[in-house]
Number of protein chains: 2
Amino acid sequence: MPAHLTARERARAELTAAIKDEARRQLGLRGADGLSLRAVARELGMVSSALYRYFPSRDDLLTALIIDAYNAVGAAVETAAERGSTPGERWRIACAALRTWAREHPHEYALIYGSPVPGYRAPQDTVTPASRVPTAFLGIVHDAWQAGTIEQAGPAPELTPRLREQLDTIANHLAPGVPQEVLARGVIAWTQVYGMLSFELTGQFVGTFEPADDFFANAVEQLASFVGLS
Amino acid sequence: MPAHLTARERARAELTAAIKDEARRQLGLRGADGLSLRAVARELGMVSSALYRYFPSRDDLLTALIIDAYNAVGAAVETAAERGSTPGERWRIACAALRTWAREHPHEYALIYGSPVPGYRAPQDTVTPASRVPTAFLGIVHDAWQAGTIEQAGPAPELTPRLREQLDTIANHLAPGVPQEVLARGVIAWTQVYGMLSFELTGQFVGTFEPADDFFANAVEQLASFVGLS
DNA sequence: CACAGTCAAGAGCGGTGCTCTCGAATTTGT
DNA sequence: ACAAATTCGAGAGCACCGCTCTTGACTGTG
């Protein structure tokens, strides 16, 4: 808390944080729709209308939580992707970190990667935090390509012109110099990891891959080969 | 409508169907949380409490919609998987059918594959309809294996004993005789398709793969090779 | 024809997001 | 130092939600 703030500003910052903390706690208990402004206010010992001094609407509070969640999972994957000496290792560690975070914060994971809350539309403030995880994953691919260690096996189908364009847009922002074929497999691998996690968290694996640890590790390993990480 | 039913039974069946239809309509407009019993009743010209004669609670109505959705997407994928002469063709057509259905019924897709509705817990009645899609996909793999056309490329990591057990459980139910290595890749491919669809439907591809047609087709093609379908 | 079962309707409970007003507290400008 | 401007918490209230219970009318059957 910077000292140059007035008492009112300090109080406001603290209360804003307290509201987000309590909201996050309720989110972990009852999920996104279970998040009630009145309940948050009640728990904080204030009246519901007072909350609107800090968040103009329920959606704005949700947006704040979404941005925080994006940043949290982004930071987790980023620091994980820095560990490991080879690209393959970095990939495995980053995937494991993503899964760990997702399992520890299932409701926040659902909040950012699950079906969007009904009327909710993500504002522009979320796109930068949202890109941290894919950026970290593609960064591994990018570094591996720069190091010249990428070797892709198996046939790669022809890329359509439009797909080449789309891949170029991504490459220019996140992985300059990486060939489109390599980038395509990188994105495929990342969506695959996401699919597995969502299946596990939404309970679609109940009765089969439970626990899903081994299946996840196996898939991550095969995806590393698929992308050409070693 | 069978004729041996009494007038009361016929009216009940019709009203039940009308309620589900209107609920499905609202689901398509405002999503799962936007589904309001009062609004359904209002639209049907009755009073909200009357709805409880047909569905004991909002969750029961949702469950009915979920089962219908599982059966709808299951039927779509099943009939698609029957077309095509080669396993590779059947795979591609089935994936395309799944994507088409998902894009045409995004809210129903979110209902069954998205983050589970907060307090909602899927009852046992849903598991059989829910298994139709994975069963259809693994059926393609099974048939291809029986026909002896499966050729897998690339290294396959060692399967742990626990993962072998889990794969055996699945094989015994859905794809008897298929080796665990092949089955593992089949499940990986199916979760990948799901991950791509969820990314597309939740808008995570906005600004990059838009439209996602080409990326989807490319991934499906590469996954066919990955599984060994030809 | 009467009785048992089924039905729609209404009132009501506790909950929600959100708006508005009012008086008190605090910050700011002179 | 004091008055003006701003910010804040509290309360009442609106419209909506899921759900329960009771009441009176209707239907099918013995």
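Reply: Happy to. Chain A is assigned two domains, domain 1 (1-56) and domain 2 (63-227); such bounds come from an automatic or database domain assignment. This is a predicted model, in which local features need pLDDT of at least 70 and side-chain atom pairs count only at pLDDT 80 or more, while totals for chains, interfaces and linings use all residues. Residues are numbered from 1 along each chain as its sequence is written, and chains are lettered from A and ligands numbered from 1 in the order in which they are written.

The C-alpha centres of domain 1 and domain 2 of chain A are 32 Å apart. Where the two domains of chain A touch, each gives eight residues; a contact here is a pair of residues whose C-beta atoms, placed from the backbone, lie within 7 Å. On the side of domain 1 of chain A that touches domain 2 of chain A there are four nonpolar, two polar and two charged residues. In this sorting, Ala, Val, Leu, Ile, Met, Phe, Trp, Tyr, Cys and Pro are nonpolar, Asp, Glu, Lys and Arg are charged, and the others, Gly among them, are polar.

Chain A has eleven helices and zero strands; helices (H or I, at least four residues) and strands (E, at least two) are DSSP runs, numbered from the N terminus. The C-alpha trace of chain A spans about 65 × 45 × 35 Å along its principal axes. Of its 230 residues, 42% count as buried. Buried means that 20 or more other C-beta atoms lie within 10 Å of the residue's own, exposed means 12 or fewer, and partly exposed is in between, with C-beta atoms placed from the backbone. Of the contacts in chain A between residues at least 6 apart in sequence, 71% join residues at least 24 apart.

Next comes the DNA. Around DNA strand C there are 21 residues, the closest being Ala7(A), Ser49(A), Arg58(A), Met46(B) and Ser49(B); a residue is near a strand if its C-beta atom, placed from the backbone, lies within 6 Å of it. By class, the surface near DNA strand C has eight nonpolar, six polar and seven charged residues. DNA strand D is also surrounded by 21 residues, and its closest are Met46(A), Ser49(A), Ala7(B), Ser49(B) and Arg58(B).

How are the two chains related? A rotation of 180° with 0.0 Å of shift along its axis superposes chain A on chain B, with an RMSD of 0.1 Å, by least squares on the C-alpha atoms of residues with pLDDT of at least 70 in both. That is the relation of a two-fold axis. Both copies use the same surface, as 98% of the contact residues of chain A recur in chain B.

The contact between the chains takes 42 residues from chain A and 42 residues from chain B. On the chain A side, helix H9 (161-174), helix H10 (180-201) and helix H11 (213-227) each supply at least two residues. H10(A) gives the most, with nine residues. That side of chain A divides into 18 nonpolar, 19 polar and five charged residues.

Two of these helices also flank a cis peptide bond. Pro211(A) is in the loop between H10 and H11 of chain A, and the bond joining Glu210(A) to Pro211(A) is cis, with omega about 5°. In chain B the bond from Glu210(B) to Pro211(B) is cis too, with omega near 5°.

Finally, the inside. The largest nonpolar core has 138 residues, and Val77(A), Ala94(A), Leu98(A), Val77(B), Ala94(B) and Leu98(B) have the most contacts inside it. Such a core is a set of buried Ala, Val, Leu, Ile, Met, Phe, Trp, Tyr and Cys residues joined through C-beta atoms within 7 Å. Leaving aside neighbours within four places in sequence, Ala94(B) is in contact with Val77(B), Ala80(B), Ala81(B), Ala136(B), Phe137(B) and Ile140(B).
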